[in-house]
Amino acid sequence: MRKIPVYNHPAAGWSALIDSSRVLMDYKAFLRGSLSVFGSNQPNGGFDCPGCAWPDHKSHKTIDVCETGIKVLASEVMSAKADADFFAKHTVSELQGYSGHELEQVGRLAQPLQYDASQDRYVPIAWEAAFERVAEHLHRLESPHQAMFYTSGRVTNEPAFLFQLFVRSFGTNNLPDCSNMCHEPTSVMLSRQLGVGKATVVLEDFEQAKLILMFGQNPATNHPRMLEMLAHAHEQGCRIISINPMREQGLSRFRNPQKVTHMVSGGSDPMVDEVIQIQIGGDVALLTGLAKWLIENDNINHEFIDQHTSGFDALKAWVMTQNWADIERGCGIDQAKIVSLAQLVADSPATICTWGMGITQHVQGDDNVAMITNLLLMMGMIGITGAGASPVRGHSNVQGDRTMGIHERPSQALLDRLQQVFERPMPQENGYDVVSGAKAMIQKKIKVFMSMGGNFSVAAPDTHAIQHALTDNQLNVFVGTKLNESMLYPGEDSLILPCLSRTERYITSRGEQFATIEDSMCQVVRTQGRLKPMSDHLKSEAQIVAGIANAFFGKDTSINWSMMAEDYDVTRNYISQAIKGFENFNQRIREVERGFHLYHPARHHKWETESGKAQFEVPKYDITYVADQMASQADTKADPARAQMVWQLTTVRSHDQFNTTIFGLEDRYRQTTRRDVLFMHPDEISRLGWQAGDKVVVSRVDSQGGARSLGPLVLTQMDIAANAVAAYYPECNDLIDLDSHALESLTPSYKSVTVTLKKVDLDEQQQAISEPSTTATA
């Protein structure tokens with residue numbers, strides 16, 4: 001049996017420091033970036049890292065930033081500028097040929113720009129002229145619902161609140177955001193089951209946990225600061241089990257840069273006790289097996305269930321109808337292994353279930369979250385020390401933006417409070433999320449698109465279809481710090497409006513301002529940039545929103561937009577009146593250096609659900625859904641050889657990227673320096689008679705029966721479950737259509753689609769598909 005080349009070193013350590021330094025040098029930001037490192041995640045006067053949403057520990061460290069965070073900082077503080085001189089040398093058509101990695105290296109956006117179709121270039125425009133142009137286009141619309149306003153999770157609380165207030169005052173709830181593409185199943189199901197769609201744990205619970213079940217997560221790549229807490233929990237005697245189709249090498253051991261003994265003597269801390277290599281999409285089946293054994297052996301918390309929950313009898317009846325053959329087929333794990341894990345759950349007095357997008361980004365993503373929550377409720381693991389639900393959000397303030405009202409389906413309570421505070425009507429009908437909004441744009445129902453950060457077309461499925469749709473819009477407005485692919489598909493009119501980064505000082509006529517963010521565990525903390533802005537032409541996101549609002553509303557001064565942008569204390573006073581949990585916001589954010597925790601009712605066994613109790617949920621999909629999908633496409637009667645060519649594809653990210661931002665082409669944990677690869681287990685490669693390095697085309701029949709293809713990709717070895725392959729996000733987003741999504745939350749199924757593979761012979765490579773299909777489902 002051939003072995004996979006293994007990354008034999010611990011996660012982090014010297015390799016992370018060297019790689020971080022390399023990126024700082026590549027970005028020509030070593031001095032400015034190094035200074036920023038000392039300000040990252042520091043209390044009162046520091047700025048919150050623009051990377052992931054992992055919480056800050058209450059203990060103080062001089063340096064409190066991970067490898068990914070340093071790379072994000074390097075991207076923000078780089079000296080190169082994408083200014084008028086740069087765009088004078090490059091047409092938009094030329095820039096469309098740049099890869100995401102190449103665009104990332106171009107530099108910081110340095111001045112407001114407008115698209116000039118006659119030159120096919122972006123050219124300078126004055127700020128006031130840009131604001132007036134946006135206002136003119138908005139006034140021309142027949143309905144406010146013809147405009148869509150997207151928000152990235154990098155936006156801090158104060159400008160996010162201002163943005164949603166402007167959009168709703170304009171007259172629509174078309175406020176899709178990056179939550180729609182990542183943790184929407186978490187928000188939907190936890191809200192329904194527990195009353196609040198957020199983590200029930202705080203960081204200190206990890207120090208008291210006795211069992212941590214990690215579902216669909218790769219912290220070493222996506223949120224490395226979590227590694228320190230996992231290593232510490234393990235040192236305290238906590239058992240840690242990773243449930244993942246991939247055996248991620250970065251989860252085996254952790255070399256902590258904060259420990260001198262680790263860095264000098266080469267020491268490291270163990271983290272994960274065991275990896276359960278589940279079949280892609282098999283989480284509900286595995287969790288059903290756990291529930292079945294726990295119920296049959298009476299290892300559940302009857303007192304908690306009786307006192308605090310509703311719906312258990314229906315779940316129990318459903319679980320008991322499931323047989324072990326289907327459970328094994330659904331998850332790819334044998335009964336003995338499932339029972340062994342169930343015994344660990346039964347014996348643990350304090351269990352945390354933590355999960356990432358490996359749980360949520362599936363057609364059955366809602367069911368995945370529901371079954372994790374069901375397990376915690378069965379065992380009474382909500383509202384006790386060292387236990388609970390811990391979804392780990394990706395972007396630094398994606399949770400805070402949602403709390404501030406960035407939501408296409410706002411609660412009636414929020415709309416009522418906004419109406420009361422600002423004395424103006426708020427739109428009542430739900431707006432577009434990412435999926436429905438993208439479809440509306442493709443169908444030409446959207447005339448104006450505004451993006452507050454992010455790279456909408458590349459982050460979403462059907463990338464090429466959305467980019468084509470962008471060119472049909474009457475106006476596109478992109479607020480951001482860096483050039484990205486979405487900006488290169490201008491409509492009839494297009495604007496790029498550059499904003500301050502998280503690392504830069506924001507000084508107004510009202511003095512120096514600080515903003516706030518909310519992390520994955522409901523902690524609200526301050527963030528305040530320290531660096532001089534890299535251009536005199538930058539504005540804050542709040543100033544940009546206020547400028548557009550003033551231009552649009554004109555003499556209507558019932559809301560002082562400028563004052564809210566110039567003085568964040570004023571904004572926070574409004575937030576304290578309009579957003580539940582933020583009472584006395586200005587006082588509380590200044591009282592404690594690490595901010596304050598938002599009250600979470602479920603932590604106190606208060607259930608703000610329809611039934612008034614925590615709610616068990618029965619899954620909507622069969623536990624063999626993925627296996628059935630693969631079997632239906634194999635069609636062995638028509639073509640016996642086809643059976644071994646049907647696979648389940650998941651998308652992954654490298655440690656050299658953050659969301660859609662590609663810092664470099666290296667993935668040291670997976671030992672590759674290219675991104676046009678298809679990962680497969682070496683045993684499976686041998687079974688097919690193929691070899692690592694072969695070229696493979698990946699094909700899929702989408703939800704509407706259309707054919708989609710990607711490749712050729714280079715076959716690369718990886719320790720991944722049988723019948724599974726992986727490729728990089730976002731490069732393979734065109735394989736995923738807009739109708740492949742979770743049932744209720746509508747989160748796209750980036751982590752699980754059924755595909756077929758075809759090896760490309762040498763004489764066919766010249767004719768192989770080099771561009772993904774742009775078939776759009778609308």
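Predicted model: local features only at pLDDT ≥ 70, side-chain atom pairs only at ≥ 80, totals over all residues.
User: How many aromatic pairs does a search of the whole structure find?

Analyst: The search finds 28 aromatic pairs.

User: Why is the pair of phenylalanine 87 and tyrosine 122 called edge-to-face?

Analyst: The ring centres are 5.8 Å apart, and a pair needs centres within 6.5 Å. The planes stand at 70 degrees; over 60 counts as edge-to-face, so the pair takes that name. Phenylalanine 87 belongs to helix H4 and tyrosine 122 to strand E5, 35 residues apart, and the pair links distant parts of the chain.

User: What makes phenylalanine 87 and tyrosine 122 count as buried?

Analyst: Buried means under 20% relative accessible area. Phenylalanine 87 has 0% and tyrosine 122 has 1%, so phenylalanine 87 is buried and tyrosine 122 is buried.

User: Why is the pair of phenylalanine 166 and phenylalanine 170 called stacked?

Analyst: Their planes are 20 degrees apart, and planes under 30 degrees apart count as stacked. The centre to centre distance is 6.5 Å. Both residues lie in helix H8, and because they are four residues apart, about one helical turn separates them. Phenylalanine 166 and phenylalanine 170 are buried. Ring pairs link them into a cluster whose members include Phe149, Phe163 and Trp561.

User: Which residue lies over the face of phenylalanine 514, and which over the face of tyrosine 728?

Analyst: Arginine 526 lies over phenylalanine 514, at 3.8 Å from the ring centre. Arginine 675 lies over tyrosine 728, at 4.5 Å from the ring centre. The distance cut-off for a charge over a ring is within 6 Å.

How values were computed. Residues numbered from 1 in each chain as written. Heavy atoms only, no water. Phe/Tyr/Trp six-rings, centres within 6.5 Å; stacked < 30°, edge-to-face > 60°. Helix = DSSP H or I, 4+ residues; strand = E, 2+ residues; numbered from the N terminus. Buried < 20%, exposed > 50% of the residue type's maximum accessible area, 1.4 Å probe, protein only. Lys NZ or Arg CZ within 6 Å of the ring centre and 35° of its normal.
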